[in-house]
Amino acid sequence: MSAKKALIVWGGWDGHEPQQVSEVFAGVLRQEGFEVEVSDTLEAFADREKLLGLDLIVPVWTMGEISQELVDNVSAAVQNGTGLAGCHGGMCDSFRNNVDWQFMTGGQWVAHPGNDGVEYTVNIRQSSSPLVQDIADFSVTSEQYYLHVDPAIEVLATTRFPVAEGPHAANGAVDMPVVWTKRWGAGRVYYNSLGHHADIVELPPVKELMRRGLLWAAEGKQNGGRTTAGAGISYSGMADSQL
């Protein structure tokens, strides 16, 4: 049986340590037997046929700009079974001006009250999902992400706001998704809002959650995903996102 293939693409804002985070993910995937390609350019998304043949795409890119063609290529691959998995701003604060990317990934960062250094609890939502089985609630000191999220996501972990004060506190307590999954056509999408720096990704519960999420997303290709170019594609982007 041939090795699964993963593409990690890193770049954007250096404050999120994209190269270091990509190295953590590459190490996890190689330990699991993946053939891993790591790229520091968005042009890695230019070859649609290549993306369609992958088992997994891992974006580690914060606050960049991307052409609609490249987003459409990634979307086509995921719709046809290629997994998509990532963390923090590297996946859900990647391209603020592209709503198609946000639609596909399931959410968009909008704030982190208190900035870096906030101590908060991640509450695991125990369910039938093996992605969180035997993982207990844990505390982390980092950025606490407030996101606008897709109501279709399956929430696997949450954190309670407010911890740091701000105008949002007037609304009372809310539980914000931290870890989620969703489907995009035949593809599986996994996101974890933790990971401001590589040391946060390396924390045992965070790293284990990411390991499971990466593997789960990649399994979609073997569970109904199609690899024929164009097969099953039913959504090619919002027309107004291309203006």
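1. Leu 84 stands opposite Val 189 of strand β11 in this predicted model. The two strands concerned, β4 (residues 83-87) and β11 (residues 187-192), pair in the parallel sense over four bridges. Strands are DSSP runs of E with at least two residues, helices are runs of H or I with at least four, and both are numbered from the N terminus; pairing requires at least two DSSP bridges. Residue numbers start from 1 along each chain as its sequence is written. As the model is predicted, local features need pLDDT of at least 70 and side-chain atom pairs pLDDT 80 or more, while totals for chains, interfaces and linings use all residues; side-chain values rest on heavy atoms, without hydrogens or water.

2. β4 and β11 belong to an open sheet of nine strands with mixed pairing, in the order β2-β1-β3-β4-β11-β10-β9-β6-β7. At its edges are β2 (35-39) and β7 (138-142), each of which pairs on one side only. From one strand to the next, the twist averages 20°.

3. Two helices that meet the sheet deserve attention. Helix α1 (residues 18-31) lies across β1 (5-12), β2, β3 (56-62) and β4, and runs at about 170° to β1. Helix α7 (residues 204-218) packs on the sheet, where it touches β3, β4, β7, β10 (174-184) and β11; the direction of α7 makes about 170° with that of β11. Contact means heavy atoms within 4.5 Å, and angles, from 0 to 180 degrees, compare N-to-C directions of lines fitted to C-alpha atoms, for helices over the stretch in contact.

4. The whole structure holds two cavities of 30 Å³ or more. A cavity is a set of points on a 1 Å grid over the protein atoms alone where a 1.4 Å probe fits but cannot get out, and lining residues have an atom within 4 Å of a point. The largest cavity contains about 60 Å³ of space. Its lining includes His 16, Val 21, Trp 61, Cys 87 and His 88, and α1, β3 and α4 (88-92) each supply at least two of the lining residues. By class, the lining of the largest cavity has five nonpolar, seven polar and no charged residues.

5. The volume of the second largest cavity is about 30 Å³. Tyr 146, Phe 161, Pro 162, His 168, Asn 171, Gly 172 and Val 174 line this cavity. Phe 161 and Pro 162 are also joined by a cis peptide bond, with omega about 0°. Pro 162 lies in the loop between β9 (154-161) and β10.

6. The phi of Asn 115 is near 60°, a positive value in a residue other than glycine.

7. The chain averages a pLDDT (the predictor's confidence in each residue, from 0 to 100) of 93, and 93% of the residues score at least 70. Over residues 226-231, however, pLDDT stays under 50. Where pLDDT is low, the predicted coordinates should not be read in detail.

Methods. On a 1 Å grid over the protein atoms alone, a cavity is a set of points where a 1.4 Å probe fits but cannot get out, and a pocket is an open set with protein on both sides within 12 Å along at least five of seven lines; lining residues have an atom within 4 Å of a point. Grid points are joined across faces, edges and corners, and a volume is the space filled by probe spheres set on the points. Ala, Val, Leu, Ile, Met, Phe, Trp, Tyr, Cys and Pro count as nonpolar, Asp, Glu, Lys and Arg as charged, and the others, Gly among them, as polar.
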